[in-house]
Structures are given as structure tokens and as C-alpha cells.
Amino acid sequence: MIGKAPCYTAISASERQRLGMRIEGVLDRIQEYHSQADVEPVMRAYVFAAKAHKGQERISGEPYLTHPLEVAGILTELRLDTGTVAAGLLHDVVEDTHATLQEIKALFGSEVSAIVDGVTKLSRIPFSTREEAQAENIRKMILAMSKDIRVILVKLADRLHNMRTLDPLPEDKRRLIAQETLDIYAPLAHRLGIYWIKAELEDLALRHLDSEAYHDLAAMIAKKRKERGGDIDEAIHLLEAQLLAVDIKAQITGRPKHFYSIYKKMHDQKKEFEEIYDLTAVRVITGSLKDCYGTLGVIHTLWKPISHRFKDFIAVPKSNGYQSLHTTVIGPKGDPVEIQIRTREMHRVAEEGIAAHWKYKEGRSSLDPADQSFVWLRQLMEWQRELKDSKEFLDTLRVDLFPDEVYVFTPRGDVRQFPKGATPIDFAFAIHTDVGMRCIGAKISGRLVPLRTELQNGDIVEIVTSPNHVPSKDWLKVVKTPRARGKIRQWIKNEERARSISLGRDLLEKEIRRIGKSPNQLLKPEALKLALERYGFAAEEDLFAAVGYGKASPRQAVIRLLSPEEFQALTEAEETREKKTERKPARPKPIEEGVRIRGVDDILIRFSKCCNPVPGDAIIGFITRGRGVSVHTADCPNTVSLMADPERQIAVSWDGRRKEAHPVQIRVEIGKDRPGMLAEITAAISGTNTNIAHAEIRVTKERTGVNTFVLEVGDLQQLHAAMQAIQKVDGVVGVERMKTLL
């Protein structure tokens, strides 16, 4: 079968001995599930990778070749074709060695080189932030996935082995990689239906993000499973006997739930470990669809079902093609037992996910537009083109990949899938953009409900529209789907731009009249063309919008509209007027000091009262009409609607050279008031050289109290020092910073 075995001479026997997964094992696995496969390209890929990575080691000290070999091994567990396994062996050679894509294409063909290219990071392009680099790498991967789904399968195998071998890295890097895995790659595995990879990625991520909780949970689970193992075995034996009695042949097993799912249930439902009973799910695999529902009837005859815990994913499959019946019953010992029922084919799809389809064996590796399994990926493609901001893109990606889903019905009975927490507004935009834009209300199962109502499984949703209605900025606070959020933001942006163009034109005309010129003359096409070239704008609307937004002052714009001769005459006239009045022109002075705006030094700056930023806080600036720049903290809730219009954002930073006092309100909780306590708190504040500008003292009959102080601080460090000093006062149970002032 291996026509070019002599290629092994590229690797010494001793070096092969050091490698964990061997190439022989990879080839044997391929031939187990595809006996007629030509494994020669996989052999050549191994030799090429071995030569390219020769001398390289992982941080653990192992030969680097162990990594691509293990990735190839994982791909064989997914029963993938030889081209994908070859790409797994080669996936790092372009990024980490001198090998090029052109070489890969010449030696292994365009399909393998395209997969390798899709997996290769954009490591040679400089990015300003890690977040931007992460976003652009994921964008590239999504684009490659749309052409060949095998790209993400190789990437998941790569990430899984990296997570298995994460220990040698520094803690901060391990946590970053683990969080990215939990946010992006585990949900991707879920979307693709490869649950064993999803479960292992989540458990490995938990081990690095919360090691103490992981090991405590492992010990408690092992102990409880030992205690309850007999109960599950008893339930399985009883069910087997009952199914045989009605002539249903089935394979029944107990499947332990993975750590992260239990950890998440404890966290989300605020439960202690002792309150979690369903640590093991019972899985029943039958020979036919009819037997699935027959088995369900037998189970519900044996044990009482918990009604709200029944889900029929056979009639309504998940978006990734997953099908199964899920029911939870009160078991023989009175504890809940979760049972899953599916056919053998459903089980194969559930285990292998998208890899079970093997579409690439038919010569079609690209997306089939009719395949419902890829609807979510087409949606990813749509909004990744629209969202240019890296943070917005990553936030939206996390929402769209989030595994919790609800399934609702249109009035015609069509099923629509949404992320948990979605609202009728999301439903309206999913039907059609115009329906979303004109949405004024919704009916769920015939009853009018508020638009912020969260959709539930089984809801029948009908949208009420009005031709004169338009979206609201407040909708951005409740929508969950990228499509709805993107369309609303686009509408807001267009509306803001239209208003800014109108305002900008008015301001320009006013300034032109002020200097004694005619707007009709200065705003004619020839004059505007010169100004546009000087500003670098493509159209006159861009100039008007810049003035309306406040990015360019009316005076600056008018100066660019004047010819050199007119500008000289204007300057001389103004100098003459200044000499007559014997005063110099006053330079606009910012209302607030201590903040710098990139490239601008004469614009008004105001600190927002809704979040009250202090030097040291992460801040963001927004241009306001007629009031300069409003500065908010980066986590201020009010920036959600403001960020719908990116053109209003402006880069701001603290001026480290200036040290002004900034008012900040803090809240001090007192467990038990006592004589002299207020004096001790004020002394603690004064001890940090912090002034108290205002105070409100409230004590209840029970002698507990909540005191609020407005402190004047120079920066975040001084504020933290004052809060820590207060916390040390006997009787103080809590100190927190308030965002708004008294």
C-alpha cells in the first residue's frame, strides 16, 4: 500500500523512537476506516514536515514533529480523508519554517495547500492589538471554511492537541489560550456537531482557567459516581428487560457528563454540587426511527417524566444536524436520570458531526447552499463582511457561536433557530430586513407581548408592522443576533449621517456669511472640488458630514474653500480688526483638562456624568454636536448605543503631565455603627491625601448604614488607596465606586 516507504530515511530511527504518535499508526487508522485509500500522499506529507521542522522543539522539549503527528492522529479519529490528514501534518510548515504555499501546492495539490493556507495565521502582518490580530485570524479562517469545511476540522485538531499540551506555557499565556478556546473553538466544535472535541476542549479550558475548581470537581464527581454507579446500572438493566419484552433491540450505555457542563450548571443555576444529580446520562441506540419513539413510550411507562425536560430533536433537529430524543425521568431511587434515544445513524452524526457527511469524498468540499447544516456558517460569512471593528466582530462571534438555542415557529409552521435570550425583534429581522425595520409589536401564541420578551422553545411568533415605523437605538440593548444588531446599527449610522450632512451644510453657510462671502459662490462644485482634495474626501457629503459630526470645524472647512488670495485677504482683515480692538484672539480652551485627543488640540472636552471617568480608567471619546467631545469609561453602559455610529468615536488618552482633582462618588456599607466610626472613616480618607467634597450619612434603627462620599482624586491609584484604607476600618463591610455623582 505504501509505495514510497524508503522516504523514511529522512528521519532517523532514534528520532522516530522519541515521537509519541507514529506515522505507521496514522496510516493504519486510515486503512481501518477506508481500506482502499491511497496513503502515499500522507507518507510524503510526513517526510516533508519532518524535514521542514527538523531541529525544532516545542517548549516542553519534545521534537516539534510530535505536534503535527498528533494532529493527524486526531483527524483519523474523525475518519477524515487522506488530503485532510496530509494537511494536518503540514499545517504549521508555512508559518513556522521556510516552506512556502507554492511548494505545498506543487507537491500536494491545490486542495491540500488551500487547507494549509486557511489554517495558517496571519503572523506576518503587523496588528496594533492582540484583539485585532485574533479577529483577523478568525475572519481568515471563516473565509477559508466557506470554501472548504475541512479547514476548521484541521484547526480544531490543532487546538485540541495544543490544549492537551498547554502546561509548559506561562500562566498568563495559558489563560489567554484557554479563554479563547472556551469562547471560540469549543462553540465551533458544537456548531459542527463534534461533541467529544467540544467536551474535551471545555474541560481542558476549565483546568487552566479555574484549576482549583476543576480538581475539586474531579474529586467530588469520582466519589459521587462511585456511590450512584449501582443505581444507573440498575436502571439500565431494568430498561433492557422492558425493551426486550416489547421486541425492541437496543444498545444501552451510561455516559458520564463532562466536568465543564456540571461546572456551568452549578454556576448558572446557583446550585451546590450536592444538588446536581444527573452526573451520568443514559444513552439508548436503536435500529430505527420507530423504535426511538417506542423506547420513549417504554421509558415513560417505567418512570415518571419531568415534563419541561423533554426535547424532540428528531422532529426538530439542531442547526448542526444533531438528532435525538432527550427526556429526564425520576429514576428507581427517586433521583433525576437523563436519557437520550437515537438511531445508529443519528449516533454516528452526533459523534462525528460534520465529518460524518464525507461530502468531500464526492469531490465537493465547498458549501452546498441547500444544506441546512451550514446555514449558520453562511450567516457568519454575511456579517463578518459587515463588521469592521475587531471588538465588535469578536463579541458578535461569541454570541453567534453560543451553544444554547431556542426553536420557535412562524405562523406557517416553519422552524427558526435563535440564540438563547433572543427577542421578537431578532425574529423580525430573521424574516426580512423590512419586517425588522417596520416592527412595532409581536404576538406570541396569539397574545401581544413587549418587543423585549425573550423567545422560548415552541413559541409561535407573529410580527406586527407599520409602514411609518423606524428602529430605535434602545433595540440594541435587547437584540441577540448579529443580523438584527448589524441592520439596526446600519440604519442608525445612515440616519446620523443624514442629519450630520444637513447640520454641516448649515454650519458652513453660517460661517461663510460671517466672513462676508456668499454660500452660493463658495459651495459651488469647482470650489468644493478643491476643498475635497485638500481634505482627502471623495464627495461633498463627506465634507458636510465631517463638519456636522464635529470632526472638522466650520472655520477650517471654509479656509479650505478659499483661494490663496482670498485667504490672504481674510487674514489681513482679521488682523486689522484685532489691532483696532487691541486684544488677541482667544484660543478655544477645553472645558475639561487632563485628556488628549489624537491630532486635535482646540476642541472642547467634557467628562460624562453617567460614568465619571478618572485618570487610569480605560476611556473612549464620542463627538457630540455643538458640545465637543464627551469622554466615557470604556465599560459605560451608555456607550452601547453610541458605538452604533463608529464615525462619532475618537481616540482619547489621559495626559500624564497634568494632575487635576476629579470628583468620584463611593458607597460605604456599615455593618454596625458605633461612636467615632465616621471620624475613623474620614481620617482613613485624609490619610491618603484625598479631599472629601461631599458626604451623606444614613444610619438605620438597627445601626447599619450606607454612607456616600464624593472624593477628589488625581487618578485611579489614589482612589483605590482611599477605598482600601476605608475597608480596613472596623465595622465597614463594603466599599464600592459609584459611576454617577450626587
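Four strands make up an open sheet in the order E18-E19-E17-E20, with antiparallel pairing. Strands here are DSSP runs of E with at least two residues, helices are runs of H or I with at least four, and both are numbered from the N terminus. Two strands pair if DSSP finds at least two bridges between them.

This is a predicted model, in which local features need pLDDT of at least 70 and side-chain atom pairs count only at pLDDT 80 or more, while totals for chains, interfaces and linings use all residues. Residues are numbered from 1 along each chain as its sequence is written, and side-chain values use heavy atoms, leaving out hydrogens and water.

Strands E18 and E20 are the edges of the sheet, each pairing on one side only. From one strand to the next, the twist averages 20°. E17 and E19 run antiparallel and are joined by nine bridges. Arg667 stands opposite Thr708 in E19.

Angles run from 0 to 180 degrees between N-to-C directions, with axes fitted to C-alpha atoms, for helices over the stretch in contact; contact means heavy atoms within 4.5 Å.

| Helix | Residues | Strands | Angle |
|---|---|---|---|
| H28 | residues 677-686 | lies across E17, E18, E19 and E20 | about 25° to E19 |
| H29 | residues 716-727 | touches E17, E19 and E20 | about 160° with E20 |

A nonpolar core is a set of buried Ala, Val, Leu, Ile, Met, Phe, Trp, Tyr and Cys residues joined through side-chain atoms within 4.5 Å. Buried means under 20% relative accessible area (1.4 Å probe, protein chains only). The largest core has 74 residues, of which Ile23, Leu90 and Ile104 touch the most other members. A second, separate core of 24 residues includes Ala422 and Ile492.

Key:
Buried < 20%, exposed > 50% of the residue type's maximum accessible area, 1.4 Å probe, protein only.
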